[in-house]
Amino acid sequence: MSRFLSNATNRIDAKGRVSVPSAFRSVLAQRNVQELYCFQDFVFPAISVGGSDLLERFERQIAAEDPFSPDANEMSLLIHGGGVFMKLDAEGRLMVTDFIRDFTGISDEVTFVGRADHFQLWQPTAFLAAQAQARGERKLAGKRS
């Protein structure tokens with residue numbers, strides 16, 4: 001089964017586009033993803049990107065709740081209010097919009113981070129810091145990295 005793995009940093013061009021790594025484009029093609037669902041991550045200063053299956057997974061969670069419950073309302077606020085649909089251009093590039101820049105702090109480079117069933121867009125130094133922190137916390141807890 002295809003997964004989004006590893007990470008890569010690419011430069012944003014003068015028109016505000018960034019090339020999605022070829023390995024990630026291959027996974028999108030294998031999954032027949034035509035439109036990308038992008039949302040502001042719940043924990044990190046990153047944009048999470050996947051296909052409609054990612055949005056549908058969250059919507060199933062909401063549907064399992066009382067539609068008027070605080071949990072359902074909060075989840076909808078995050079996945080609907082903090083989400084957009086985007087498409088890659090013919091060359092496999094993604095437009096780095098204000099939606100992405102404002103939430104992540106991305107300016108001239110984007111780090112693409114595989115997260116198994118989706119990937120994330122990070123400001124490069126923020127990713128390195130978060131990864132180092134996660135590794136350090138696992139080390140302190142005596143867990144293998």
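Is serine 2 buried or exposed? I looked this up first, and serine 2 counts as buried because its relative accessibility is 16%. The cut-offs I used: buried means under 20% relative accessible area, exposed over 50%, partly exposed in between, with a 1.4 Å probe and protein chains only.

**Ground rules**

I am working with a predicted model, where local features need pLDDT of at least 70 and side-chain atom pairs count only at pLDDT 80 or more, while totals for chains, interfaces and linings use all residues. I number residues from 1 along each chain as its sequence is written, and my side-chain values use heavy atoms, with hydrogens and water left out.

**Entry 1: more on serine 2**

I found serine 2 in the segment before strand S1 (7–11).

Next I checked what serine 2 touches. Not counting residues up to four places away in sequence, I get Val27, Gln30 and Arg31; contact here means heavy atoms within 4.5 Å. With glutamine 30 there is also a polar contact of 3.3 Å, side chain to side chain. A polar contact is a pair of N or O atoms within 3.5 Å; within protein, one must be able to donate a hydrogen and the other to accept it, and residues adjacent in sequence count only if both atoms are side-chain atoms.

**Entry 2: alanine 29**

I moved on to helix H1 (residues 22–30), which holds alanine 29. Alanine 29 counts as exposed because its relative accessible area is 56%. I also took a C-alpha to C-alpha distance: alanine 29 and alanine 126 are 28 Å apart in space and 97 residues apart in sequence.

**Entry 3: the whole chain**

I counted 5 helices and 8 strands in the protein chain. Read from the N terminus, the order is β-β-α-β-β-α-α-β-β-α-β-β-α.

Along the principal axes, the C-alpha atoms fill a box of roughly 45 × 45 × 35 Å.

Of the 145 residues, 37% are buried. I also looked at contacts between residues at least 6 apart in sequence, and 60% of them join residues at least 24 apart.

**Entry 4: helix H3**

Which residues of helix H3 (residues 70–79) are buried? I noted Ala72, Met75 and Ile79. They sit on the same side of H3, because they cover an arc of only 65° around the axis. The arc is that of the directions from the helix axis to the C-beta atoms. On the other side of H3, I found Pro70 and Leu77 exposed. The cover over the buried residues of H3 includes strand S3 (36–40), helix H2 (52–63) and strand S5 (83–86).

**Entry 5: threonine 104**

I found threonine 104 in helix H4 (residues 98–104), and it counts as buried because its relative accessibility is 8%. A polar atom of the threonine 104 side chain lies 3.1 Å from the backbone nitrogen of isoleucine 106. Leaving aside neighbours within four places in sequence, the contacts of threonine 104 are Pro45, Ala46, Ile47, Leu121 and Gln123.

**Entry 6: salt bridges**

Side chains of opposite charge can pair when their charged atoms come close. How many salt bridges are in the whole structure? My search gave 5, a salt bridge being a side-chain nitrogen of Lys or Arg within 4 Å of a carboxyl oxygen of Asp or Glu.

One of them joins aspartate 108 and arginine 11, with the closest N and O atoms 3.4 Å apart. This pair links distant parts of the chain, 97 residues apart: aspartate 108 is in the loop between H4 and strand S7 (109–114), and arginine 11 is in strand S1. I have aspartate 108 as partly exposed at 38% and arginine 11 as exposed at 54%.

Another pairs arginine 17 with aspartate 13 at 2.9 Å, N to O. Arginine 17 is buried at 18%, whereas aspartate 13 is partly exposed at 28%.

Last, I looked up arginine 93 and aspartate 89, whose salt bridge is 2.8 Å, N to O. Salt bridges that share partners join Asp89, Glu91 and Arg93 into one network.

Technical notes. Helices (H or I, at least four residues) and strands (E, at least two) are DSSP runs, numbered from the N terminus.
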